[in-house]
Amino acid sequence: MFKHIFSPGKIGRIETSNRLVVPAMVANYCTDDGRATERFIAYHEAKAKGGWGLIITEDYAVDPRGKGFPNIPGLWEDAQIDGHAALTKRVHNWRGKIFAQIYHAGRQTNHNIIGTQPVAPSPIACPVNQEVPHELTVDEIKELIEKFGDCALRAKKAGFDGVEVHGAHGYLIAQFLSPYSNKRTDEYGGSFINRTRFAREIIANIRAKVGRDFPVIFRISGDELVPGGRNIEDTKAIAMMLEEAGVDAIHVSAGVYGSIEAVVPPAAVPHGWITDFAAQVKRVVSIPVITVGRINDPFLAESILASGKADFVAMGRASLADPEFPNKAAAGMLEDINYCIGCLQACIGNLFKNEPIGCLVNPLTGRETELAVKPAETRKKVFVAGGGIAGMEAAIVAAQRGHEVHLFEKTDRLGGEFILASIPPNKGELDAFIVWQKRQLAKFGVQVHLNMELTPEAVETEKPDAVIVATGGSPIIPNIPGADKPHVVTAFDALSGKTTIGHRVIVIGGGMVGTETADHFANHGKEVTIVEMLPEIATDEEAAVRLFLMRDLEKNKVKIYVNSPVKEITDDGVIVTREGREEKIGPADTIILAIGAKSVNELENELSGKVERLIVVGDALKPRKALEAVEEGYKAGLTL
């Protein structure tokens, strides 16, 4: 089925078992001085065990002042070698191949992380970090070139199979390559040949120290997607230079921090959206080319390889969602693959808070040892009330551990509010997680009871050993005059198709639910207005997700009123307070309420003291994002 994916590949002298690559992704799992931890090692070991052909670890800093995040790995000194050698040994135990990505963040960091002023080719601040860097002198540049070579040599001594030089995403090497960030007029700036000098001298230094047989990949942004940045034609020319300099493969990505949505694209970005960049590079070099970017399915990977656009396919977040992805694909267990849904909640969402990353659909990510599912010592009867994603996750894990599990859902389908979350534009992949959960319920023998609400009487009769309450939440109906009018509906009912929505729509509430509901109906030909009491809308969305959402709202001419608390709902609109005076907004045929949710957990009080173990998870505990709901469900199943 996947003959291209599972054909051996070769980068330099290293042969991989297949063409699937885990690209470098910052995880923040190391110590603050760059040493490997058990968490860091186990995280990569899980991918090696899962069958990935090549694993590229993230951002090994060549200098502590080059860190872009607080807890990334480092090989800037010999004392770090032994710890990372333990990583390579564990990966090799599974016959995996592992490269260390080596880098310097340049201006894409700040003094809070490195304790000093960042450095760069020119004293121009990164538009995201907004910190003016120190302009590197020629002597300092020469020193950094040596540090890249020394770092590569330490990687070789630590047992890595090769290195990837990070020249993408706006980090230091990319800063030298691009007129967007390099304004020098010496031998390292100005002309094309001068801007590439830093990269070429780094490759030469690495080759002099590690030899010709140690594979070197160069990662590059095919297009930086910022005004004045490099484009694909520049990249093709650089790729030819890099091959001549001795690079064994080119890894083509996109973007810089100023276009961060391209570096880690959300679900609004099409699958395989930059494979043509890789294809163009492949036409001008004879070495292997790796592509990346919103590729989360084996059929996508196979088609990219079959079309000749690339020699390897990198699938980062797919490996977070399911480290066993390759093994499952090879075995034809496609229904068991837990697919990345492009939500960004725990990967990029955590990262930009300088926290360890995770994954909404896979709570085990980064906690492979801590949250490992093990057989229960005693088999118990477990009742789960509620078939949303929190309840299903709890039931799956409990059943995996060997318990007898019964899941009760009062409606005729599983998925809860997550079904509605998948309805707005660019959210369609969310339902893949529901499909996967339903498959796991069946696989592990969970007895699902639809159209059946769990009652205290049933618990008293059946006497389960534990009850997990995952009954979710319900929409808040505000105490606003007119909220009970017939043309007023909740976002839940609007998205579920339970009511007909008129042409002119006002959505009260500008959070995630309100803005996505507005976007949905705007994309279906409605005239939509959002009314929000706070100064901004969609602040609870991840940054890249919000960017595309706001663009879509603008494209569809959605009117937005902020700082506008609603005082009354009328028959044809709403009355708000703006700048100290009342104002009517309208006309409207339908008013949609999206001002939040409240917990539904009466069962907790009704069962208190009547069951040995009682656990409340998800929105039944407190309305939050899906990330918390899934994790709580997982942990609940683990504790029984």
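Predicted model: local features only at pLDDT ≥ 70, side-chain atom pairs only at ≥ 80, totals over all residues.
In this model, the side chains of Asn-362 and Thr-365 make a polar contact at 3.1 Å.

**Around Asn-362**

- You will find Asn-362 in the loop that runs between helix H14 (348-351) and strand E13 (381-385).
- Asn-362 counts as buried because its relative accessibility is 12%.
- Leaving aside residues up to four places away in sequence, Asn-362 touches Leu-320, Ala-321, Pro-323 and Asn-338.

**Salt bridges of Asp-63**

- Asp-63 forms a salt bridge with Arg-65, with 3.1 Å between the closest N and O atoms.
- Arg-65 is partly exposed at 45% relative accessibility, whereas Asp-63 is buried with a relative accessible area of 3%.
- Asp-63 also meets Lys-147 in a salt bridge between side chains, at 2.2 Å from N to O.
- Asp-63 sits in the loop between strand E4 (54-61) and helix H2 (81-93) and Lys-147 in helix H4 (residues 138-157), so this pair ties together parts 84 residues apart in sequence.
- Both Asp-63 and Lys-147 are buried.

- The side chains of Arg-154 and Asp-78 come together in a salt bridge of 2.8 Å, N to O.
- This pair links distant parts of the chain, 76 residues apart: Arg-154 is in helix H4 and Asp-78 in the loop between E4 and H2.
- Arg-154 is buried, its relative accessible area being 13%.

- Through salt bridges with shared partners, Asp-63, Arg-65, Glu-143 and Lys-147 are joined into one network.

Definitions and conventions. Residues numbered from 1 in each chain as written. Heavy atoms only, no water. Helix = DSSP H or I, 4+ residues; strand = E, 2+ residues; numbered from the N terminus. Buried < 20%, exposed > 50% of the residue type's maximum accessible area, 1.4 Å probe, protein only. Polar contact = N/O pair within 3.5 Å; in protein donor to acceptor, adjacent residues only side chain to side chain. Contact = heavy atoms within 4.5 Å. Salt bridge = Lys/Arg side-chain N within 4 Å of Asp/Glu carboxyl O.
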